[in-house]
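Colleague: I have just opened this entry and would like to learn my way around. Could you walk me through it?

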Amino acid sequence: MSEQSTQSQPDHANPDQAIPDSSILEQIPTATIRHRRLSWAWLVPIIALAITGYFVWDQVIGAQGERIIIRFADASGIRVGTAIMHRGVPVGVVRALELDHELEGVLVHSELSPNASGLAVEGTEFWVVYPEVSLNGIAGLETLLGPNYIALQPGEAGEEEMALPKLSFKALDHRPISAPAADGSLRLTITSDRLGTMSPGSPVLYREIPVGTVRYAMLAQDATHVVIELDIEPRYRPLVYEKTRFWRSGGVGVDFGLFSGLTVQADSLQAAMSSSISFATPNKKMGELASPGDVFELADGVDEDWLKWSPKIELGG
């Protein structure tokens, strides 16, 4: 037994017996390592997904306008969804309302339309449009049939100055009494020693035809006189020249005679409560055509010679 077991064990001392035959090695398959390359077919959906994501992101960001905060003393008539209007076109919407930190006002968080972001600049004014009834007419009549809205007046920059962006504004309590003459109107300044019954909205007349409107009145810087600003409608700009004369008209005229009694003259209820401004231009020596910003004096009454002036002037289109 010991002899057979001894023969069955390989003799490691013999090198020829330890090395397998080369023919056997050739029959054993060998492993080949190949580096796997990324298929170009996978790049197509990845690129398409990236492009789709970019367009979705661009649409989401592009659909969001400028976010601004408007501080109101009172937010009556304003709610989430209230429109911000300019020239009759919606340019924004109210997103949220909250009291300010001092509990003395309301912060109205609003969002402007993407194409109206240029309105959020220094000098832009906001106010709530309410229906207003006065002797000069009715303003904000559209709010009687629909909800109130927030109106704005864009800020204006100088000729050599760019409008600076702004995200926080303080609203006006009422609509501004003076708006830029952006429609081509002729804006003039009239000086007088007193205001009388003149008020914003009072008519400016030529031959008793309304051709303009009083915008506002204020004391001069030195408080020596009153400054009145008015607009002449574009069509009637050719009526005003350097030698044009303005006078206070309208109001109530009272005449008392011993035999005729008391006579009260008033063109209308509006004329009885609020005066107007009339003007006339001479037939000759009219001077240069008036330019925006020209200053004229307001006479308390009309000179009889002014009423005889009747120049032939071609009106605008």
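**The barrel and its neighbours**

Modeller: Gladly! This is a predicted model, and in it seven strands form a closed barrel in the order S10-S13-S12-S11-S17-S14-S18, with mixed pairing. Neighbouring strands of this sheet are turned by 35° against each other on average, direction ignored.

Colleague: What makes S10 and S13 a pair?

Modeller: Two strands pair if there are at least two bridges between them. S10 and S13 have seven bridges, in the antiparallel sense, so they meet that cut-off.

Colleague: What does Ile232 touch?

Modeller: Leaving out residues up to four places away in sequence, its contacts include Leu188, Val204, Val211, Val240 and Phe279. Ile232 is also listed with Leu188, Val240, Phe246, Ile277 and Phe279 as having the most contacts inside the largest nonpolar core, which has 23 residues. Strands S10, S11, S12, S13, S17 and S18 each give two or more residues to this core, and the largest share, four residues, comes from S13. Another core lies apart from it, with 20 residues, among them Phe72, Ile150, Leu152 and Ala171.

Colleague: Why is the pair of Phe246 and Phe296 called tilted?

Modeller: A search of the whole structure finds six aromatic pairs. For Phe246 and Phe296, the ring centres are 5.0 Å apart and the planes stand at 55°. Rings pair if their centres lie within 6.5 Å, and planes under 30 degrees apart count as stacked, over 60 as edge-to-face.

Colleague: How do you know which parts to read with care, and where is confidence lowest and highest?

Modeller: The chain has a mean pLDDT of 77, with 65% of its residues at 70 or more. Confidence is lowest in helix H1, at a mean of 47, and highest in S18, at 95. Over residues 1-8 pLDDT stays under 50, and the model has zero contacts beyond four places in sequence for them. Residues 140-144 are also below 50, though this stretch has eleven contacts beyond near neighbours in sequence. Where pLDDT is low, the predicted coordinates should not be read in detail.

Conventions. Residues are numbered from 1 along each chain as its sequence is written. This is a predicted model: local features need pLDDT of at least 70, side-chain atom pairs count only at pLDDT 80 or more; totals for chains, interfaces and linings use all residues. Side-chain values use heavy atoms; hydrogens and water are left out. A nonpolar core is a set of buried Ala, Val, Leu, Ile, Met, Phe, Trp, Tyr and Cys residues joined through side-chain atoms within 4.5 Å. Buried means under 20% relative accessible area, exposed over 50%, partly exposed in between (1.4 Å probe, protein chains only). Contact means heavy atoms within 4.5 Å. Axes are lines fitted to C-alpha atoms, for helices over the stretch in contact, and angles run from 0 to 180 degrees between N-to-C directions. pLDDT is the predictor's confidence in each residue, from 0 to 100.
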